[in-house]
Amino acid sequence: MTATKTNERPGTRAVHRYCGMSASKARQVLDLIRGEDVQRAAEILNGVEREAAEVIGKVLTSAVANAAHNDQQNPEELYVSACYADEGATMKRWRPRARGRATRIRKRTCHITVIVSRLPADQLELRRRRMEAVSANRSRRVDASRRRADLSGRLSRRRAAAAEKAAAEEAAAEEAEAEETVTDETVGEDALSDEATTDEAEAEAETTEVPRAAKATRAAKAKKATKAEAEAEAEPEIEDSAEDGASEDADASAGDDEKSEDE
């Protein structure tokens, strides 16, 4: 039984002919994407740091575009069913060497072929279930993140409300302190005004009491002078009465002496 020829394999293909590299270099990269779906194959080619990866990536993109445009297939349901590199023409060049000799240089080429086909039904079903599981898991993560975001939003709103409340309380406390300070200043001003009024009243009382004291002092002095004058006037009378009493006593003693003599 003969095998399927390369040009008779089913699927949509794209061919890059006379690529300027050897077939062995292209085959090393083609082995990495064989049997993979087109999305995974594109990711692999993007991660490979070889010159052949860029060329093969362009061939893969062309094959997917041919399948979508010519065969009306869904690009998400395609996979790389076959890929190979055939040797192309080899260009001969010569390089001069020592002693008049020359060395042959072979510039090899290759023909890169990439064939994409639709995935089997069982694999599509498995892939669909896997994608549903991934989507459900992603939905759960999104819902959880949204819940966390809502919770954090609530917490942030609560924190903002608490901060606003604290700021309002601080403002109210500052206003109360300011009012108390104003009240204390007013009371102090009233006390100062009362003290000033009291001082003024005392000063006025002192100014009014000074003439009164002076008048009382003058009156006392006048009274003392009057009393002294009265005492001065009364002293001669007392002396006269004393002299009269002395004369009377002398007369009495004289009479007593006379009576004793007569006896």
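Modeller: Buried means under 20% relative accessible area, exposed over 50%, and partly exposed in between (1.4 Å probe, protein chains only). Helices (H or I, at least four residues) and strands (E, at least two) are DSSP runs, numbered from the N terminus. This is a predicted model: local features need pLDDT of at least 70, side-chain atom pairs count only at pLDDT 80 or more, and totals for chains, interfaces and linings use all residues. Residues are numbered from 1 along each chain as its sequence is written, and side-chain values use heavy atoms, with hydrogens and water left out.

Biologist: Which exposed residues does α2 carry on the face turned away from its buried side?

Modeller: Take the buried side of α2 (residues 38–47) to begin with: Val 38, Ala 41, Ile 44 and Leu 45 are buried. Their directions from the helix axis to the C-beta atoms fall within an arc of 120 degrees, so they line one face of α2. The face turned away carries Glu 43, Asn 46 and Gly 47.

Biologist: Which strands are at the edges of the sheet?

Modeller: Two strands pair if DSSP finds at least two bridges between them. The open sheet has 3 strands in the order β1-β5-β2, with antiparallel pairing. Pairing on one side only marks the edge strands, β1 and β2.

Biologist: How many bridges join β2 to β5?

Modeller: The two strands run antiparallel. Ala 85 stands opposite Ile 112 in β5. The number of bridges joining β2 to β5 is 9.
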